[in-house]
Amino acid sequence: MKRRIAFALAGAAVWVGGCGYHVAGRSDSLPKSIHTIAVPALENKTTSYRIEQRLTTATVHEFLAKTSYRVVSNPADGDAVLRGKVLGLEAVPLLFDTKTGRATTMLVTLKCEVSFEERETGKILYHTDNFIFRNQYEISTDPNDPNSTKTFFEEQDPALDRMARDFAARLVAAIVENY
């Protein structure tokens with residue numbers, strides 16, 4: 001009986017190991033000639049003030065934290081260049097408080113165009129016109145003033161910072177793992 005269990009476990013380990021599963025962020029399918037990645041500021045095609053700065057900063061931080069690549073801002077100094085445009089940013093109410101009718105959770109949707117190019121050869125390593133990122137965040141409520149709108153504006157900046165970090169993690173994984 002013990003042999004059957006051991007054999008079954010060994011077989012399962014071989015089967016799962018051969019299925020292509022891997023830890024996210026650990027695969028590196030980029031050319032070995034890339035050591036430095038240029039990340040110039042993303043373009044902002046929205047009316048959202050400085051969203052491109054948040055996303056650029058978060059993306060640079062993610063490359064530095066999760067990869068061994070050096071990151072620069074000047075495209076001429078990189079082996080590869082990541083360019084992007086923020087095409088849309090939308091926040092819509094998702095959940096409401098039944099007593100007050102106020103939104104308690106917002107859904108933020110971000111749409112970008114992203115291109116990652118090997119500078120020397122001009123080869124496009126990753127490109128999408130439709131990089132969609134969604135994140136929801138709760139709007140805290142002030143128990144002393146149920147009609148206060150001040151809490152929404154206090155939550156917006158932290159929510160956008162969280163979204164930028166999550167966006168950058170997904171973008172860097174997509175580029176490095178070449179999905």
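Visitor: Before we look around, what is a cavity here?

Guide: A cavity is a set of grid points where a 1.4 Å probe fits but cannot get out. Rolling a probe the size of a water molecule over the atoms shows where empty space is left. This is a predicted model. In this structure, the largest cavity has a volume of about 30 Å³.

Visitor: How many cavities of 30 Å³ or more does the structure hold?

Guide: One.

Visitor: Which residues line the largest cavity?

Guide: Leu 42, Leu 82, Arg 83, Gly 84, Val 114 and Leu 171. Strand β4, residues 80-96, gives the largest share of that lining, with three residues. By class, four lining residues are nonpolar, one is polar and one is charged.

Visitor: Next, the strands. How do β5 and β6 pair?

Guide: They pair in the antiparallel sense, over 12 bridges. Strand β5 covers residues 103-118, and strand β6 covers residues 124-138.

Visitor: How should I read a positive phi?

Guide: Start with the general idea. Most residues other than glycine have a negative phi. Now look at Arg 50. Its phi is positive, about 60 degrees, although Arg 50 is not a glycine.

Visitor: Where is Arg 50 found, and is Arg 50 buried, partly exposed or exposed?

Guide: Arg 50 is in the loop between β2 (43-44) and α2 (51-66). With a relative accessible area of 42%, Arg 50 is partly exposed.

Visitor: Back to β6. Is Phe 131 buried or exposed?

Guide: First, the general idea for strands. In a regular strand the side chains alternate between the two faces of the sheet. Phe 131 lies in strand β6. Its relative accessible area is 4%, under the 20% cut-off, so Phe 131 is buried.

Visitor: Which residues does Phe 131 contact, leaving aside neighbours within four places in sequence?

Guide: Among them are Leu 110, Val 114, Tyr 126, Phe 167 and Leu 171. Leu 171 is 40 residues away along the chain, yet the C-alpha atoms of Phe 131 and Leu 171 are separated by 8.4 Å. Val 114 and Leu 171 also line the largest cavity.

Visitor: And a charged residue, Glu 62: buried or exposed?

Guide: Glu 62 is found in helix α2. Glu 62 is buried, because its relative accessible area of 11% falls under 20%.

Visitor: What does Glu 62 touch, not counting residues up to four places away in sequence?

Guide: Thr 67, Ala 168, Ala 169 and Val 172.

Notes: Residues numbered from 1 in each chain as written. Predicted model: local features only at pLDDT ≥ 70, side-chain atom pairs only at ≥ 80, totals over all residues. Heavy atoms only, no water. Pairing = 2+ DSSP bridges. Helix = DSSP H or I, 4+ residues; strand = E, 2+ residues; numbered from the N terminus. Buried < 20%, exposed > 50% of the residue type's maximum accessible area, 1.4 Å probe, protein only. Contact = heavy atoms within 4.5 Å. 1 Å grid on protein atoms, 1.4 Å probe; cavity = no way out; pocket = protein on both sides within 12 Å on 5 of 7 lines; lining within 4 Å. Points joined across faces, edges and corners; volume = space filled by probe spheres on them. Nonpolar A, V, L, I, M, F, W, Y, C, P; charged D, E, K, R; others polar.
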